[in-house]
Amino acid sequence: MPEIFQFDFMVRALIGGSMVAILAPAFGLFIVLRRLSLIADTLSHVALMGVAIGFVTSIFPPLVALVATTSSAAGIEQLRSRGRLPGDAALAVFLYASLAIAVVVISKSSGFNADLFGYLFGTVLSVNDRDLWLIGTLLVVVIAFVVMFYAELTQSAFDPDLAHVSGVRVNATNLALAILTGATVTASMRVVGVLMVGALIVIPVLAALRLARGFRTALMLAIGFGLLSVWIGLIIAFYADLAAGGAIVLTTVGMLVLAEITGSALDYLSARRGFAAIAAANVPADFPDAERRNVEKEQGEHPN
Amino acid sequence: MTSENGATSEPGGQATLWQDASIAEADLRPAVCEFTDTWYSYGGEPAVEDVSFRIRQGDFAAVLGPNGSGKTTLLRLAIGLLKPARGKVELFGESSSRFRDWSRVGYVPQRVEGLGLRFPATVEEIVEHGLYRGFDPLAIFRRHGRSEVLEAMEFAGIAHLRSRPIESLSVGQRQRALIARAIVGQPELLFLDEPVSGVDAAGRDRFHELIASLNKDHGMTVFMISHDIGAVMQGATVCACVNRTMVFHGPPHHVTGEHLAELYGFPVDVLLHDAMHEHR
């Protein structure tokens, strides 16, 4: 057995990290497509406020953070959907308000700076069973939500108005998505830290979007990139004695670069194949015209 | 833009609509979409002022108007995305903001919010969206290749683009994909919001032929916002010119240069050069 699995804390880190690696990108896909990437960042600052309050009141900090993030997410979504504030402005208000509360609470009570540092930058190596249960429960809820409301989520991401006319309850879907995003941020916080939670939600998704054609492929790829990033990052952190959170986020960035390069190479190859096919068919290499001829041919075959 | 002789050209006032001898029998057909003394404002100035009109089953209604004339607002009121400040907007006899039977309605927007960021869906997946019939926990496991989806893509002339990413399509192809999405569930009423803006002339013509065929051959009622007067003259059976208030409504061949001048604030006989020429 490799050395890495002989340590209990490492096994727990791998389990917790893997669960978060599935959770974060599964949600992130819908967040990124709705151009709300900043919501993860905002909610992570809200989570920080929750943690600070949790320390002061000696309540299990992740639990306080969970309540704070889910209720803030609902608040942001309400402000946004009623058009009271533009989406990004609502996010900014919540981000700075909660950061300010966190700073005030922390400044009032010294003595938990080391623990707080852990929440800021991730403490995956000290994940305990209670954390694992919390993350595991969330994982089940989130996966069930994404699977069962797949149609509603994809339609709302494509276009909220179109979704509405299809009969999708767009506001309810968005509200549920926001609340569970808050929960996901809280769960991910233990692994990569408050300051980098957004990275796990956004970056594997961007890598997947570069390569995927269909929606289900994108979902699977995003989760795949998330898992790979957590595993590779943890292994590097273990053997090179680096901060785990930072190593994981740097790995996601590496994945994104690789995906961009692979995507560009694939585009180049398929373009070359396309030109070759056109040349072989003796059609001028003029895409729109060739396309039109195709359409006309097809419509001629099936008059409708 | 004030008009010298009232808002409408017909003598009968607002309540009876599309009143013209040639479509007198229209009154027997049920109304599928109806505005009654509708007002709406986005805070300040009203965007829609006291508009009343009715679209009956089988109509091809074209709504014309300059930018900011409230035509998109009318459409958003009709599909329940906005609630009228005063008056009523009804779909199939039910208040549009409470309407739930969306399988009877199709919608083609001017552009789609999710596009532009590598939206990961094939053309077929987007067309499948049109078959949504409420909560379906197994939707993620459904197979592609349903026959109604293939037929709709065939009709819209995009069957050969079936597995292409929606983002890789030209503007015209995207709009045809959205048409396929809108009609795949065989709605009775189709809303289109300037569906051909940004589409080249050839694509525009083909698009208008598609819509006309849906109306004529498939009996679909059409509500189309347009700034393309020529296209309206071709396919539409009724026409509404709006500039916050209703400037004219009636059959398209009754639209005159004066209506259009009132609508756009300047003489537009250039646009109608051929039709108007002998009269001047």
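Visitor: How many bridges join strand β1 of chain B to β2(B)?
Guide: This is a predicted model, in which local features need pLDDT of at least 70, side-chain atom pairs count only at pLDDT 80 or more, and totals for chains, interfaces and linings use all residues. Residues are numbered from 1 along each chain as its sequence is written, while chains are lettered from A and ligands numbered from 1 in the order in which they are written. Strands are DSSP runs (E, at least two residues), helices are DSSP runs too (H or I, at least four), both numbered from the N terminus, and two strands pair if DSSP finds at least two bridges between them. Strand β1 (residues 31-41) and β2 of chain B run antiparallel, and the number of bridges joining them is 7.

Visitor: Which residue in β2(B) is the bridge partner of B:T38?
Guide: Strands of a sheet pair through backbone hydrogen bonds, either parallel or antiparallel. Within β2(B), the partner of B:T38 is B:V51.

Visitor: Which strands of chain B stand at the edges, each with a single partner strand?
Guide: Four strands make up this open sheet, in the order β2-β1-β4-β5 of chain B, and their pairing is antiparallel. An edge strand has a single partner, so one of its sides is left without a neighbour in the sheet; here the edges are β2 (46-56) and β5 (94-95) of chain B.

Visitor: With 14 C-beta neighbours inside 10 Å, what does B:D37 count as?
Guide: B:D37 lies in strand β1 of chain B, and its phi is near 45°, a positive value in a residue other than glycine. A residue is buried if 20 or more other C-beta atoms lie within 10 Å of its own, exposed if 12 or fewer, and partly exposed in between, with C-beta atoms placed from the backbone. Because B:D37 has 14 such neighbours, it counts as partly exposed.

Visitor: And with 23 C-beta neighbours inside 10 Å, what does B:R244 count as?
Guide: B:R244 lies in the loop between β9 and β10 of chain B. Its phi is near 70°, again a positive value in a residue other than glycine. Because B:R244 has 23 neighbours, it counts as buried.

Visitor: What does the twist average from one strand to the next in the sheet of 6 strands?
Guide: This open sheet has the order β6-β7-β8-β3-β9-β10 in chain B, with mixed pairing. From one strand to the next, the twist averages 15°.

Visitor: Which residue in β8(B) stands opposite B:L192?
Guide: Strands β7 (residues 189-193) and β8 (residues 221-226) of chain B pair in the parallel sense over 5 bridges. Standing opposite B:L192 in β8(B) is B:M224.

Visitor: At about what angle does helix α5 of chain B run to β8(B)?
Guide: Helix α5 (residues 201-216) lies across β3 (60-64), β7 and β8 of chain B. Axes are lines fitted to C-alpha atoms, for helices over the stretch in contact, and angles run from 0 to 180 degrees between N-to-C directions. On that scale, α5(B) runs to β8(B) at about 155°.

Visitor: How are α7(A) and α9(A) set to each other?
Guide: Helix α7 (residues 150-158) of chain A is mostly covered, with 9 of its 9 residues buried. Its axis is 10 Å from that of α9(A), and the two pack at an angle of about 100°. Angles under 35 degrees count as roughly parallel, over 145 as roughly antiparallel, 65 to 115 as roughly perpendicular and the rest as oblique. That is why α7(A) is, relative to α9(A), roughly perpendicular.

Visitor: Which element gives the largest share of the side of chain B that touches chain A?
Guide: Two residues are in contact if their C-beta atoms, placed from the backbone, lie within 7 Å. By that rule, 33 residues of chain B are in contact with 34 residues of chain A. Elements giving two or more residues to chain B's side are β6, α2 (123-129) and α3 (147-156) of chain B. The largest share, 3 residues, comes from α2(B).
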